[in-house]
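Colleague: I am new to this structure. Please show me how to read its features.

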Amino acid sequence: MSNLSVANNDTLLDAIHPAPARLAPFKPADIVERIGINAASHEIADADMIGDALQVLADRGQPLTIYPPGGDAVLARILSVHPDEPHFTLELGEGSTLPPGRCTFVTWLDAARFQFELTADWAPAPDQPLHIPAQFPPTAIVLNRRTTMRLETPLTGNYTASFVLFGNPHELQLYDISAGGIGMRCAPRDANGLHIGRKLQRVRLELGESIVICDLEIRLARRFRSFLLGEQVQIGCRFVNLSPQMQNEVDKAIGRMAMARR
């Protein structure tokens, strides 16, 4: 498994998004178990998605469990994520330290366990013994509570959703797919009318070698900032009354994607 790390170097504390006011003190119930080696997790290798996930964790003040080498679990939060560079800053619990070496980081991100690994000397920021600068990891793993496996679309190949809304053609890039739906993203100017609850009819999905014609319902629409693309809108959809033939095409596409990751 690759390591996932986001780090804020160059004047880390000078150009960061401050997180909201700290939440209640940590408690033992905040500790999250590591994802098992044989768990049906999937890997994220997209720097934008990793940065977005870290920013969500920072915004929420979500407790983060850190497993240092040969030591007990340490609780922390992500204090801030750099707006432009792949760096972030940890805030350890009062009295905590991290020994040098490889650490595993685990937390909850909505209905999924989110885990990554980083190796560093974990030196604190000047005059801030609880603030630890770190770098984005190249990968993270996610274990969903979903009933269906969701996979990130490959970097190569054509994975798009094409449809007409209010007489205007749209073609959006897919970023993930499951047996139950798909995720898309686009620039804000291309997201007019794409709000939660909107039904999209006769959508043409290009899933590598497969073509699927389907109806979708938008279940998620949120803005985020991509490190590479700037302001973006994430749009999550579920399939509506997908025919057995089209479901078979979706399943085949997911199977090919899963095989390619091995």
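Modeller: Start with a charge over a ring: NZ of Lys or CZ of Arg within 6 Å of the ring centre and within 35 degrees of the ring normal. Here Arg34 lies over the face of Tyr67, 4.0 Å from the ring centre. This is a predicted model: local features need pLDDT of at least 70, side-chain atom pairs count only at pLDDT 80 or more, and totals for chains, interfaces and linings use all residues. Residues are numbered from 1 along each chain as its sequence is written, and side-chain values use heavy atoms, without hydrogens and water.

Colleague: How many aromatic pairs does a search of the whole structure find?

Modeller: Rings of Phe, Tyr and Trp (its six-membered ring) pair if their centres lie within 6.5 Å; planes under 30 degrees apart are stacked, over 60 edge-to-face, the rest tilted. The search finds four pairs. One of them, Phe88 with Phe116, is edge-to-face, at 6.4 Å centre to centre and 85 degrees between the planes.

Colleague: Which strands hold Phe88 and Phe116?

Modeller: Strands are DSSP runs of E, at least two residues, and helices are runs of H or I, at least four, numbered from the N terminus. Phe88 lies in β5 (residues 87-92) and Phe116 in β7 (residues 112-120), so the pair ties together parts 28 residues apart in sequence.

Colleague: Are Phe88 and Phe116 buried or exposed?

Modeller: Buried means under 20% relative accessible area, exposed over 50%, partly exposed in between (1.4 Å probe, protein chains only). Both Phe88 and Phe116 are buried. Phe88, Phe105, Phe114, Phe116 and Trp122 form one aromatic cluster.
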